[in-house]
Amino acid sequence: MNWGFLKKPIFLGRGSSAARFTLPAVVFEMQPEFVLGARLEGSARQARRVGRMGVRRLERGALAPHPGKANIENAEELRQALSEVTAIIGNGGGRYGLVVPDGAVRVSMMSFETLPDDAAETETLVRWKMRDKLPFSPEEARVSIQVLSREAGHVEVLAVAARGAVLAEYESALEPANGGPALLLPATVTLLPLLPESEARGQLLLHVCSRWMTSVVVVDSRPCYWRTRELDAATPQESARDVAAEAARILASTRDRLHAELGRVWLCARPSAGAEMTAAVAAAVSHAVEVLAPRTDLGASLTPDERSVFGQFGATVAGIVSNAG
Amino acid sequence: MKITLNLSIAPSPRERYALAWAAPTSVLAAAGLVLLSFLAVRNFREYRSARQARLDLQQVEAKMREQEAALKKNLERPQLREMYRQAQFVNSLISQKRSSLPELAEKVSKLLPGQARLDGLALTHSGNALTVRLAVAGTSEQDIEKFLGNLEDSADFADVTVLSQGVAPEPEEGGGRVPVTVVCTARYLGGQEP
């Protein structure tokens, strides 16, 4: 006899531990070189806009993203930066959104013939399949799953996994003043809603932030390729060269392995990339490169200074707002 | 593309619905508080009235005790004590008057069997009690035993005590049987007030 129907009522809330996407009133982002905070205006029904925006530079070495070990090297510096940003945007005291560096998480695209109906069983299956990519025990991972496509005998899944202790470290930096995160995502995931869905051909997204680079290939609104790496470059010129070289490699790989042609190439560098990097990437991929910038109407109520900060750093916040809209 | 991912920990049902349950729980708690307060006030009022009733009764009891003490004190006055003694004397006279000797002789005669006769009868007073001394002679021991049985069963006499029993030294005139005699005492109840 199948007793599965009893599981849910009896073990209510003990199934999948991950939450669904939700739009918080305040968003914080921690990156190795800066801390960002944004307060969102409007209600859940009305269109949201960014009401306040603040950014604070971090000393080099205060934050070192890694999926398996402690990320915060200088907790005092990070806490100070967060309190300064909080002073700008105001402390809501409620649950907040938290964007963490790509280097602290692992993202993977997986295919299954079928998935269990139970969310907890699906999470266990994904955990087991990701075990080779995780530099820690799969049981320690917090996992979030999004089904990209479901056809007969073929299910594609986008999974994000991070070590619970690492995420708790980021949460603890904000915990004393707030009620815990309602939304927790890696930076590049928040950029996906900014990509146009109408594009029939493939799209390449290059996210360069704080000497880390994440490359994503999206075909038919489905991520097909995801790679995050740390850049060794010491100067902006070296960075531009590294990014261009990485873009060229991915372009070749996409043609060879995915048999897909790229229609658009997007570059999102934070702070904003100079013309040198854009030109270098365009030359490497032999394709026009578009800058992925936040929509200006989302920051219409910001002061000129905050608008400038929003333009340089606010793509992740814009992505979160766009995803909820 | 829309994303549904989120690495934050989902709030438990308890956390999620705590706020929603807070309002009805507060209303129920407030209603309970009002009910308990109402019952407490009612119980306090009942307690207060019961306490007042007890105090009233205690006051009445104290007054009655005072009256009793006053009466006792009054009774112990020499004039009243003399009057009490005289009343007792009058009562004893009344009681003596009520015990009539012919009536006593008639009651004893009814207890005698056919062959027995009453030889002696005396009535003495000892305090409030009346004691009868009887001397009976019969032709056989059976007559005497029957008389004593009748005497004990009688409602007019109690505490029968045989003082002596014997056979007479001479036979009766005409060659009759030798008489058997008995002398006894009994407490006479017939003269007392019911």
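Me: In what order do the three strands of the open antiparallel sheet of chain A lie?
Reply: The model discussed here is predicted. In this sheet, strand 5 and strand 6 of chain A are the edge strands, each pairing on one side only. Neighbouring strands are turned by 20 degrees against each other on average, direction ignored. The pairing is antiparallel, and the order is 5-7-6.

Me: How many bridges pair strand 6 of chain A with strand 7 of chain A?
Reply: One of the residues concerned is A:A141, whose bridge partner in strand 7 of chain A is A:R163. The two strands pair in the antiparallel sense, and the number of bridges is ten.

Me: What angle does helix 4 of chain A make with strand 7 of chain A?
Reply: Helix 3 of chain A packs on the sheet and touches strand 5, strand 6 and strand 7 of chain A, with its direction at about 100 degrees to that of strand 6 of chain A. Helix 4 (residues 164–174) of chain A also packs on this sheet, touching strand 6 and strand 7 of chain A. The direction of helix 4 makes an angle with that of strand 7 of chain A of about 60 degrees.

Me: Why are the buried residues of helix 3 of chain A on the same side of the helix, and what arc do they cover?
Reply: The buried residues of helix 3 (residues 119–129) of chain A are A:T122, A:E123, A:V126 and A:R127. They lie on the same side of helix 3 of chain A because they cover an arc around the axis of only 140 degrees.

Me: Which strands are the edge strands of the five-stranded open sheet of chain A?
Reply: The order of this sheet is 3-2-1-4-8, with mixed pairing. Its neighbouring strands are turned by 15 degrees against each other on average, direction ignored. Pairing on one side only identifies the edge strands of chain A as strand 3 (49–57) and strand 8 (181–186).

Me: At what angle to strand 1 of chain A does helix 9 of chain A run?
Reply: Helix 8 (residues 304–313) of chain A lies across strand 2 (34–41) and strand 3 of chain A, at about 75 degrees to strand 3 of chain A. Helix 9 (residues 315–324) of chain A lies across strand 1, strand 2, strand 3 and strand 4 of chain A. Its angle to strand 1 of chain A is about 140 degrees.

Me: Which strand of chain A gives the most to the side that touches chain B?
Reply: The contact takes 27 residues from chain A and twelve residues from chain B. Strand 6, strand 7 and strand 8 of chain A each supply at least two residues of the chain A side. By class, that side has 17 nonpolar, seven polar and three charged residues. With five residues, the strand of chain A that gives the most is strand 8.

Me: What percentage of the residues in chain B is buried?
Reply: Chain B has four helices and four strands, in the pattern α-α-α-β-β-α-β-β along the sequence. Of its 194 residues, the buried ones make up 13%.

Terms used
Residues are numbered from 1 along each chain as its sequence is written. Chains are lettered from A and ligands numbered from 1 in the order in which they are written. This is a predicted model: local features need pLDDT of at least 70, side-chain atom pairs count only at pLDDT 80 or more; totals for chains, interfaces and linings use all residues. A residue is buried if 20 or more other C-beta atoms lie within 10 Å of its own, exposed if 12 or fewer, and partly exposed in between; C-beta atoms are placed from the backbone. The arc is that of the directions from the helix axis to the C-beta atoms. Two strands pair if DSSP finds at least two bridges between them. Axes are lines fitted to C-alpha atoms, for helices over the stretch in contact, and angles run from 0 to 180 degrees between N-to-C directions. Two residues are in contact if their C-beta atoms, placed from the backbone, lie within 7 Å. Ala, Val, Leu, Ile, Met, Phe, Trp, Tyr, Cys and Pro count as nonpolar, Asp, Glu, Lys and Arg as charged, and the others, Gly among them, as polar.
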